[in-house]
Amino acid sequence: LEQASRTTRKKPIILLKSGRSATGQKSAGSHTGALAGISEVARSAFKRAGIIVIDNSDELFPVAETLSSLPPIRNNRVAILADGGGHATIAADNLTDLGVEIPRLSEETQARLREILPDAASVPNPVDVAGGTDADPSVFAQCAQIILDDPNVGGMLLVGLFGGYGIRFAESLTFMEEDAAHQMGKMVKKSGKPIVIHSLFASAQPHALDLARHYGIPVYDSLDIACKCVAVLADYGRHLKAVYTQRSFKMQWGAQADPDIEATIQAARDEGRRVLLEPEAKRLLASHRAADAADRLARDADEAVVAAEAMAGPVVMKIVSPDILHKSEAGGVRLNVSGAEAVREGFAEIVAAARRYAPEADIRGVLVSPMAPSGVEVIVGTRYDDQFGPVIMFGIGGILVEILKDVAFRVLPFDATEARSMIEEIRSTAILNGVRGQAPATSRPSSACC
């Protein structure tokens, strides 16, 4: 991975990864036994190193051809130029599913397109020429030039019948298509913005498409493959941009000296524990300047009342036991507890429920914390992956975390740029950014963890 990170700054690497199924893993094990199966962790590690992962074998060589002949897309924004609304819409759907943006063209760009296209044409993006190329397919080149001039566009996908006008309609149109191919080839070299062509006539090998290939413009008869090739150009462009804007590879932890932390960890090991108790874990996080709530561990009801009164507001109460990790399942959590009597009752109920759940459990007490205000719960976790070492996870948290599974992974170490990309990667980013009048989520101490 370290070597791949250095290599992909200069040349792309493409990986066709086998072993995703149980049978495939068994087969992979009989040969190399390495990386049998591509987990989300593996995919994240490859992406981090700039490796383009391909899932389908028929995409491998088209993707290699595209990356070897065209410049990357620098801004993840692509325009679609088509001679039919149907395949324009399919292309837009495919690219969107692959994470490529289809931006609205500028008003100036749209006005220039309207000057050369019929009134029925659609010009916001995708651009549907609506018959505007039937009599003169060289109009494709004029449209391509206008589109690539738009600073909001990083590349273009041409879809439809290009290359086949001379075959399907009139032989006299052949020369116009060849002229358009010449012009588009020169545009790519001049603008540094790639063009990929999908043509229903690619298998007929018309000279116009041969000319496009001569200029390094790949041509495919599969719209799915053409879209995939555009997407990997955008992926590689994003990687290069991240590489050269990254200021520091390693996270700066800034831990404060705390001799008690090592003693706490050693004590847990001496007890044969593989996990820290919540108060212990929070002390560890606090030593690394993570926001933390003012928790207090109460060993009896009187201590719980004193702790709650010191917090001047509703509290959350949670069982603390090395034998009960999932507190909610054990009935070991009470939220929004107010008043001395309610705290006493809560303490007794929590301990009783824990005893019923695990009669032999070692109960250390009840953790009393200020009740956090309403907001969006997130989860941050780490584990040691057998193949890639330390891994960090981020996603939407709460009691539904294992059901929603809306999480992103990264191999450590990482920096603030990667941290931001993890937040933007999950499906629920819009919730964190604020929806339906809610303010954007900001970090604050968690006291309602289950």
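## Aromatic pairs

Rings of Phe, Tyr and Trp (its six-membered ring) are paired if their centres lie within 6.5 Å, with planes under 30 degrees apart counted as stacked, over 60 as edge-to-face and the rest as tilted. This is a predicted model, in which local features need pLDDT of at least 70 and side-chain atom pairs count only at pLDDT 80 or more, while totals for chains, interfaces and linings use all residues. Residues are numbered from 1 along each chain as its sequence is written, and side-chain values use heavy atoms, with hydrogens and water left out.

Across the whole structure there are four aromatic pairs. In one of them, F46 and F388 have ring centres 6.1 Å apart and planes at 85°, so the pair is edge-to-face. F46 lies in helix α3 (residues 40-48) and F388 in the loop between β12 (378-385) and β13 (389-396), 342 residues apart; helices (H or I, at least four residues) and strands (E, at least two) are DSSP runs, numbered from the N terminus.

F46 is buried at 6% relative accessible area, and F388 is buried at 13%; buried means under 20%, exposed over 50% and partly exposed in between (1.4 Å probe, protein chains only).

## The F140 cluster

F140, F162, Y165 and F169 form one aromatic cluster. F140 has a relative accessibility of 0% and counts as buried, and F162 is buried at 1%.

## Surroundings of H87

H87 is placed in helix α5 (residues 85-97) and counts as buried at 18% relative accessibility. Leaving aside residues up to four places away in sequence, H87 touches A82, V159, G160 and L223 (contact means heavy atoms within 4.5 Å).
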